[in-house]
Amino acid sequence: LLLNRVMASMVSASQPNRSRLDKSNRVDYQKESETIKGFIRDFISTDPSLGGGKHFKYMEKLQQVSQRELVPIYVSLEDVSQHSPDLAENISQNVRRYQKLFADAIYDLLGDFSTGEVVKRDSLDVYIEHRLKVESRNHQDGGAEARNPRNTFPPDLLRRYEVLFTPHAASKPVPIREVKASTIGKFVTVKGVVLRSTEVKPQLTVATYTCDKCGAEAYQPINSLQFMPLVLCPSEQCKSDRSGGKLLLQTRGSKFVKFQELRVQEHSDSVPVGHIPRAITINVSGENTRLVGAGDHVVISGVFLPLRQTGFRQMLAGLISDTFLEAHHVVQVSKSSSDTEVAMAGAMSEAEAEALQEEDFYDKLACSIAPEIYGHEDVKKALLLLLVGGVTNTPRGMTIRGNINICLMGDPGVAKSQLLSYIARLAPRSQYTTGRGSSGVGLTAAVMKDPVTNEMILEGGALILADQGVCCIDEFDKLLDTDRTAIHEVMEQQTVSIAKAGIMTTLNARVSILAAANPAYGRYNPKKSIEQNVQLPAALLSRFDLLWLIQDKPNAENDYALAQHITYVHQNLTHPPIQFEPIEFNTMRRYIALARTKTPTVPAHLTDYITSGYIEMRRNAREKKADSTFVSARTLLAVLRLSTALARLRLADEVSRDDINEAMRLMEMSKDSLFGDDDLSQHSGGNKKDRIFNIVRDLLAERSRTAAADDDDDEDLGSCKVSKQAAEDRVRASGFTDQEFEQVLRDYENNNVIMIRRGYIIFCD
C-alpha cells in the first residue's frame, strides 16, 4: 500500500512537468503561416549580376508563377535562416507539413497579382473555367462560397507550381548508410552514384470522377504510389435517391505530374571494410526529372519517408516498411568533389588556364599524376592523354572513336594497380573493376524487372555507367573468354548491342578502357610474344592504342633511388621533393575538363608528314619481323588520337608537327618496352647511340636515291649530306628525345665522322 502511494505521488508530480513540456514543444502553425508570408513578402536578396542591386527574390518568383513562366519555386533554407532561424529548423524537422504551409501561403499571395488573361493555358484551365461557369449558373442567388474555387476543387488541382526546399550551402551530405529511422520526415542530403533511372511516366496526384446517375463530380487527392479508386457516388442526390450511382474516372479533369525513380548507391570509398555498398530509392517528380542518368554522381536533398502500402501488400509487409527519399534538390557533381565545390562553379576559364601554362607544362602535368609513384614518366604521359582523349568524328554516320585505350602489362610490384586506382579517382566519371570479379553481364547490361511498373528494363554495367569516362579493369588477363568478348565492340564501335528478353537495343559506351594485365607465368618473358605472355587474343590487343610493358629489371642505381623514394613516402606520407610543385588534384581535373571542350583538327600540310611516318613504321615492323610490333591502320588512327589529345592539352585548334612527333615517340617507346635488352639491340642494331646514328644514315641512303631540289644551291657542301631538321624529326618519331639526338651529333662530330654546316649533317670521307 505504501509503495502504491509513493508511485501515485511520483506520477502526479510528473504530470505538470509533462504538460509544460508538451506546451513548450507545441508549434502554432497559424503563427508559422504568417511568418512564412512575411518571409516571402519581405525577403530582399543581392544579385551580383545586377551590380549588387537589391530585389525581392521570392515576390519576383511569384510574379513569374502568376504569368505561367515558372513552375518550381526553390526556397533556400539559408534564406529562411536569415529571416527566422527557428523557422528553418522547424522546416528541416517537419518538411511535408511546412511544404504545405508554403504552398498555401503562396496561393494566398498570388491573389495580389493581377494576371489578366493567362497566355499559357492547359486542359485543366479549360476544365475548371467550364465548371465554374456551370456552377455560377446553378447558383444565381448563392453567395461567394458556391463560386469560390478553393471550396470546390482540391488545392493541388488549382496550383500550377511546386514548392521545393534547397539545403544550406555549408551543409554536408550524410552517408547513405547513416540515413536511418531517426531521420524519417526530416530534410536530409545524400551523395552517391546513380545505378538506375527509370523512364519518366505520368503520376496521378488528383483523380476526378463523374457519377453516371446524377452527373456529380468527386475528387480524390492521392499521396502515394498506390490508391483505391472511389466506386460509389458521395453526392447527396444519390444518397437520398439510393440510386447507387457509380463513379467513372475522368482523365481530362485529373492532374498528372512527371515521375521518375532513381536508385543511388554510396561511393566505394565510403564503404567500410567488409561491407557491401548501400543503396537508396529516390522518387523524383515534376521539374526535377530527367536531370541525371545512370552513372552520374549526384548530391540529392529531400525528405526521407516510409513507403505507404495498401491492401494485400500491407498485410504481407507486416511491421516492416520500405523507405524512399522524396527529392527536392538534385545536383550533378564530379566523383570526388568536396562539399564546398558543389556550390561553386567548377569550370576553369581560358585566362586561368593560360596563367597555369609554362614552358614544361606537359611534363609538369604528367608528373603530377601519382607523384608518390617513382618513375614511369612516359607511362604517366600516356595516362594523361587518356584522360584528355582525342576527337570523335562521325563522317556520314560512321563513328571514328576518339577515346584512347591503354593496356599496362608487367611484372608484379610495378604499381600497375596503383596507377589504375589513381586514374579512377582523378577522372570525373569512372568505374573500377577487376577481371575475376566481373562478368559479361556486369560489364555491359543486365535485364531486370522494374519494381514500380513490373516491366523488363536494362540496368547498365560498368562500361555503361562509365559512359564518357574511364573504365579501369585490373587483372584483365583473368577475364573469362566468354566475358571478354563483350569488350570487343565497346573498344572500337563504342556501343553495346543487347538482344535479351525481347529487348533489342544499342546502348552508348563511349568509354576509355585502362587495363592492367599480369604475365601468365609470373614474370614477363621477352623471348615470347605478347599473346603467349598475357594469353590475350591478337584481335583484342590490336584495339589498344598503347601496349605498355613495365618490367622490374635489377639495376643498382635504380634500385637505390626506388628504395629511397619508397622509404621517404612511408616516413612522411607524401612524395619526395621534386624539381617543381605538382599541380593540385582539383586544379588538374578542371584543366582537363577545359581541354576536353576543344576540337582540334589536323591541317592539310601535315598529311604527307603523317603518311610518311606511318609508312616508315610499317617498313620497320616488316624488317624487324616482330609479331609484338605489328602495325596496322589502327596504329595510324592511334597516332591521330594521341596527336589531337596533345593539341587539346595546349588548348589549340590545330595539331602541330611537334604533337605528331610526340605521339610517334610514345608509340615507339611503348613498342620498345616490349623487347628485352638483348632483343632490343638485336632488332634495333646496337645501343641507343648506334641506333640514332643508324637512323640518320638510313635517311641519307634514302635521300641519295632521290634527287634533292636544293642540291644545286649547295654543291660546295658535298653529296653525302642530309637535312638536320629532317633527321631530327625522324629520330624524334623513333622514340628518342632532342637531347639524345644532339648528344649523338656532338660525339660523332668530335670523332670527325660528321660535320654540321648550314643546317645539314655532312658525312666525312
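Begin by selecting F39, F43, Y58, F102 and F165, which ring pairs link into a cluster. Keep in mind along the way that this is a predicted model. The structure holds ten aromatic pairs. To look at one of them, keep F39 and F102 on screen: their ring centres are 6.4 Å apart and the planes stand at 80°, over the 60 degrees required, so this pair counts as edge-to-face. Now colour the helices: F39 belongs to α2 (residues 29-42) and F102 to α6 (residues 95-109), so the pair is one that links distant parts of the chain, 63 residues apart.

Next, pick R97 and Y29. The charged end of R97 sits over the Y29 ring, 3.9 Å from the ring centre. For another such view, go to R657, which lies over the face of Y609 at 4.3 Å from the ring centre.

Last stop: the open sheet with strand order β22-β24-β23 and antiparallel pairing. Select 721-723 for β22 and 754-757 for β23; these are the edge strands, each with a single partner, so one side of each has no neighbour in the sheet. On average, neighbouring strands here are turned by 25° against each other, direction ignored. Finish with helix α31 (residues 724-733), lying across β22 and β24 at about 70° to β22.

Technical notes:
Residues are numbered from 1 along each chain as its sequence is written. This is a predicted model: local features need pLDDT of at least 70, side-chain atom pairs count only at pLDDT 80 or more; totals for chains, interfaces and linings use all residues. Side-chain values use heavy atoms; hydrogens and water are left out. Two strands pair if DSSP finds at least two bridges between them. Helices (H or I, at least four residues) and strands (E, at least two) are DSSP runs, numbered from the N terminus. Axes are lines fitted to C-alpha atoms, for helices over the stretch in contact, and angles run from 0 to 180 degrees between N-to-C directions. Contact means heavy atoms within 4.5 Å. Rings of Phe, Tyr and Trp (its six-membered ring) pair if their centres lie within 6.5 Å; planes under 30 degrees apart count as stacked, over 60 as edge-to-face and the rest as tilted. A charge sits over a ring if NZ of Lys or CZ of Arg is within 6 Å of the ring centre and within 35 degrees of the ring normal.
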